[in-house]
Amino acid sequence: MPRRIVVVGGGAGGIGAAGAAKQADPDAQVTVYTEYEDVGYSPCGIPFVHGKEIPTFEQLFLATKETYVQAGIDVRYETRVDGFDVASKQVSLAGGENVAYDALIVATGFQYEDPGIPGGHLEGLHYVKNIRRAMEWDPVLDRAKKAVVVEASPLGLEMTTALAHRGLETHVVDPRPWALADIADPDIMEPVEGSWNEMGVKTHFNTSVEAFVGDSQVRGVKTSEGEIPADVVVVCTHKRPENTLARAAGLKIGTTGGLIVDERMNTSDPDVFAAGDCVELPHNVTKVPVVGLSGSHAYAQGKVAGTNAAGAWRAYEPVNVPWGMVAGMWMIGGVSFGETTATALGIPFVMGVADGISRARYYPGVTKVRVKLLAEPGTLRLIGAQMVGGEGIKERADFLAMAVKKGVTLTDLAYMENVYSPAIGALNEPIALAAQKALAGLPGT
């Protein structure tokens, strides 16, 4: 009898798991349940369609529905899972049907943190998640004049930039002292905020949102510094693991609210695996559990979960969290953490900061690249990095994540080889310059 593998959730984690399961066991019966109309699209691309950088939402789909049929994956669209019983190994569907499984993969994703303020029921509030709702909402932006973005989170940065590109008078409101303050250092974000100013964005930091104002339709946002009129409001609060079903089933939940999993993405039940935004994972440097990582993390976790659910073996390692994004007219990114987070966590570090350039100084399109490196005192092993520049941030973040993983030191980076070609790289690599600055500041050097 074929192995029955049930996947709950059709995002990056769920679809990655389904594909990996079929690859590991082509005879397996793989069924994916999703409450939505679609699976396997890129929600991360939605802000760029709203901002008109990407022409259509259809471009965000990774495959057609027929592709999954041909792959032997049975996707049940608009089918809500109401629960699962790990003792009887059954999933309960809305409507009363029970489906038996041999292995279950939980990929239930996230929910946005509830702002917990009056007016949350009003029309005109938008949450960037489901592509069909984004398609329905996008024409509203053609008529809107003023927009408010609630919180300068990663999504908040992208939506603030997108709405400004779209030509709306855009306000971003956040209770923290600068944009992306939970992740990035203020000097990294300073160019972003400056470019927002050039784009006409109005920033309201150290400001809390107290209510959404309106009758049936939102017409403004009440904040601690006054009311801001708005035709549309985008709520970009922090992501929280969606584990209502897992909690009810008795699976172990960690301190972050994410499911506890081992290196095989196995939960506290031997026949239940999990992947994506619903799980917590150990940070490689701090060993502290983290949640809410990127789509690439979710997809890779899904591959591991699906492989193991199908009876093969694959491991997922602790994360170093390379990240990057476009905000305003700049690219920002990093690895692990910066000096603000390290200081808050009491992690000792030595640091080097350098301002380099992305190409030869005389080549058209050259931009500034600031690199900040954090290393462990004594060993000088790299433990974190942050960057801002006009280009080349993603590639450096990927490289530095591997450097953290492999224990590369500031000395290694200070004297690293680098590509020099006027069109694509400067004579002096900014990473090397930052490492040299750090070494120069050490006692006895």
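1. Two strands are said to pair if DSSP finds at least two bridges between them, while the elements themselves are DSSP runs numbered from the N terminus, helices being H or I of at least four residues and strands E of at least two.

2. A word on the basis of these remarks: this is a predicted model, in which local features need pLDDT of at least 70 and side-chain atom pairs count only at pLDDT 80 or more, whereas totals for chains, interfaces and linings use all residues. Residues are numbered from 1 along each chain as its sequence is written, and side-chain values use heavy atoms, with hydrogens and water left out.

3. Within the sheet described above, strand 4 is joined to strand 5 (residues 90–93) by 4 bridges, and the two run antiparallel.

4. A second open sheet of 3 strands has the order 18-20-21, and here the pairing is mixed. Its edge strands are strand 18 (259–260) and strand 21 (289–290), each pairing on one side only. Strand 20 (residues 279–282) pairs with strand 21 in the antiparallel sense over 2 bridges, and in this pairing V290 of strand 21 is the bridge partner of L281.

5. Strand 14 (residues 218–223) and strand 15 (residues 226–229) also pair in the antiparallel sense, over 4 bridges, and a hairpin of 2 residues joins strand 14 to strand 15. In this pair, G220 stands opposite P229 of strand 15.

6. Helix 4 (residues 131–143) and helix 5 (residues 154–166) have axes that come within 10 Å and cross at roughly 50 degrees. Axes here are lines fitted to C-alpha atoms, for helices over the stretch in contact, and angles run from 0 to 180 degrees between N-to-C directions. Helix 4 and helix 5 are therefore oblique to each other, given that angles under 35 degrees count as roughly parallel, over 145 as roughly antiparallel, 65 to 115 as roughly perpendicular and the rest as oblique. The contact (heavy atoms within 4.5 Å) is made by W137, D138, L141 and D142 of helix 4 and by M159, L163 and R166 of helix 5. These residues divide into 4 nonpolar, no polar and 3 charged, where Ala, Val, Leu, Ile, Met, Phe, Trp, Tyr, Cys and Pro count as nonpolar, Asp, Glu, Lys and Arg as charged, and the others, Gly among them, as polar.

7. The structure holds 26 salt bridges, a salt bridge being a side-chain nitrogen of Lys or Arg within 4 Å of a carboxyl oxygen of Asp or Glu. One of them links D174 with R176, the closest N and O atoms being 3.0 Å apart; D174 is buried at a relative accessible area of 2%, and R176 is buried at 19%. Buried means under 20% relative accessible area, exposed over 50%, and partly exposed in between, with a 1.4 Å probe and protein chains only.

8. R219 and E227 also meet through their side chains in a salt bridge (3.4 Å, N to O). Here R219 is partly exposed, with a relative accessible area of 48%, and E227 is partly exposed as well, at 47%.

9. The side chains of E429 and R396 form a salt bridge of 2.8 Å, N to O. This pair links distant parts of the chain, 33 residues apart, with E429 in the loop between helix 11 (410–414) and helix 12 (430–440) and R396 in helix 10 (residues 393–406). Both E429 and R396 are buried. Elsewhere, a network of salt bridges links D185, D187, E339, D355, R370 and K372.

10. A327 lies in strand 22 (residues 322–327) and counts as buried at 0% relative accessibility; leaving out residues up to four places away in sequence, A327 touches L157, T161, V192, S195 and I332. N243, in the loop between strand 17 (239–241) and helix 7 (244–248), is buried with a relative accessible area of 4%, and, neighbours within four places in sequence aside, N243 is in contact with T108, I253, G257, G258, L259 and C278.
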